[in-house]
Amino acid sequence: MTGRPHVLLSAAVSLDGHLDDTGPDRLMLSGPEDFERVDALRADSDAILVGANTLRSDDSRLLVASAERRAERVRRGLPEHPLKVTVTASGGLASHLRLWHSGGDKLVFTVDATADALRDRLGGLAEVVSTGPVIDWGALLDELGRRGVRRLMVEGGQTVHTQLVAGDLADEIQLAVAPVLVGDAAAPRFLGTAEYPGGPASRMRLLGADVVGDVVLLRLAPKDREPEDAAPEDVLRTGDAGGVPPEDAAPGGAAPGGVPSEGAAPEGSASGDAAPEDTASGDAAPDDPSPEDDAPTDGPPEGSRPR
Ligand SMILES: NC(=O)c1ccc[n+]([C@@H]2O[C@H](COP(=O)([O-])OP(=O)(O)OC[C@H]3O[C@@H](n4cnc5c(N)ncnc54)[C@H](OP(=O)(O)O)[C@@H]3O)[C@@H](O)[C@H]2O)c1
């Protein structure tokens with residue numbers, strides 16, 4: 001296996017586009033139904049990647065929480081948990097982070113200047129690989145492909161998501177939009193300032209929109225872009241999550257709702273793999289632990305926020 005993996009970006013955002021607030025505790029964005037969806041995505045992935053800041057701030061373990069899903073992975077000949085991957089240039093990752101001390105293999109991508117020091121600090125807790133003088137995302141994806149990773153799930157944060165989308169390296173985006181307002185420009189966003197492929201005139205293809213608990217899940221294909229000069233009636237192809245077109249944007253009489261996308265859930269329905277009655281934690285309170293924190297390997301963390 002030498003090809004690059006399919007890269008899926010997964011995030012939960014507030015209605016005003018933020019991944020988090022600026023407070024010391026992680027912000028609750030998703031609900032229990034969406035945690036189940038994220039857990040299923042993790043279980044379907046060969047590797048999960050987060051940036052070093054997310055690791056430092058959230059101290060996530062990036063585990064598959066569901067025992068059933070872990071057992072299913074083992075039945076398929078896979079390790080119980082996906083490979084856990086992070087990226088750092090500073091090498092500032094402490095050895096006490098919970099990621100190192102929970103299930104799954106761990107792999108850190110870094111740069112030449114800090115690789116040796118990081119290897120010394122982490123000892124046998126994780127494998128450390130340098131991509132050269134700088135973080136080279138192409139080399140990182142090639143290396144994951146060489147290691148047999150076919151599906152890579154990227155769980156943030158802003159810096160990582162931004163580079164992957166700007167570099168045209170993301171194949172799919174799953175964005176859970178929560179009915180929450182952060183209202184703080186200093187808070188991290190799903191995507192930051194960058195020159196994105198095609199610029200603002202280019203439109204990604206919307207694969208579908210599902211209601212999952214009280215969040216709306218948008219599924220997008222970022223590489224599948226409409227040409228800049230596409231007629232408005234050609235681009236408003238998905239209506240169940242599409243916004244109202246500009247007043248002068250629908251000369252062909254396209255309805256604001258447009259045409260539902262193939263595979264989109266019926267109006268008001270939960271997504272197929274995250275129906276509330278199927279969830280293991282359907283009665284969880286908003287500040288209950290995240291899926292990873294439901295895993296039996298250790299106790300729930302303080303200040304946890306599901307993602
Ligand atoms: N709501 C959600 O779904 C969600 C998901 C994930 C994260 N978050 C939130 O997002 C926030 C973190 O986002 P963030 O943008 O600050 O950080 P981030 O993307 O998690 O990590 C950024 C760090 O990764 C390393 N890095 C990434 N690309 C690099 C490159 N090209 N060259 C060198 N180093 C690189 C650097 O680590 P070093 O500094 O060590 O060099 C950099 O500081 C947190 O608040 C977290 O809670 C929310």
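Student: What should I know about the numbering and the model before we start?

Tutor: Residues are numbered from 1 along each chain as its sequence is written. This is a predicted model, where local features need pLDDT of at least 70, side-chain atom pairs count only at pLDDT 80 or more, and totals for chains, interfaces and linings use all residues.

Student: How do you know which part of the chain to treat with caution, going by pLDDT?

Tutor: pLDDT is the predictor's confidence in each residue, from 0 to 100. The chain averages 81, and 73% of the residues score at least 70, but residues 231-307 stay under 50. Where pLDDT is low, the predicted coordinates should not be read in detail.

Student: Why is helix 1 called largely enclosed?

Tutor: A residue is buried if 20 or more other C-beta atoms lie within 10 Å of its own, exposed if 12 or fewer, and partly exposed in between, with C-beta atoms placed from the backbone. Eleven of the twelve residues of helix 1 are buried, so the rest of the structure largely encloses it. Among them are Phe-35, Val-38 and Leu-41, and also Glu-33 and Arg-37.

Student: Why is Asp-112 called exposed, and Leu-125 partly exposed?

Tutor: Asp-112 has 11 C-beta neighbours inside 10 Å, so it counts as exposed. Leu-125 has 16 other C-beta atoms within 10 Å, so it is partly exposed. Asp-112 sits in helix 4, while Leu-125 is in the loop between helix 4 (112-122) and strand 5 (127-130).

Student: What makes Ser-95 a contact of Leu-125?

Tutor: Two residues are in contact if their C-beta atoms, placed from the backbone, lie within 7 Å. Setting aside neighbours within four places in sequence, Leu-125 is in contact with Ser-95, Trp-100 and Lys-106.

Student: What makes a set of residues a nonpolar core?

Tutor: It's a set of buried Ala, Val, Leu, Ile, Met, Phe, Trp, Tyr and Cys residues joined through C-beta atoms within 7 Å. The largest such core here has 56 residues, and Leu-9, Val-13, Ala-47, Leu-152 and Val-154 touch the most other members. Strand 1 gives the largest share of this core, six residues.

Student: What makes the peptide bond between Gly-156 and Gly-157 cis?

Tutor: Omega is about 0° there. Gly-157 lies in the loop between strand 6 (151-154) and helix 6.

Student: What makes the phi values of Asp-59 and Asp-168 worth a look?

Tutor: Most residues other than glycine have a negative phi, and most peptide bonds are trans. Phi of Asp-59 is near 50°, and Asp-168 has a positive phi of about 60°. Asp-59 is in the loop between helix 2 and helix 3 (67-75), and Asp-168 in the loop between helix 6 and strand 7 (172-177).

Terms used: Helix = DSSP H or I, 4+ residues; strand = E, 2+ residues; numbered from the N terminus.
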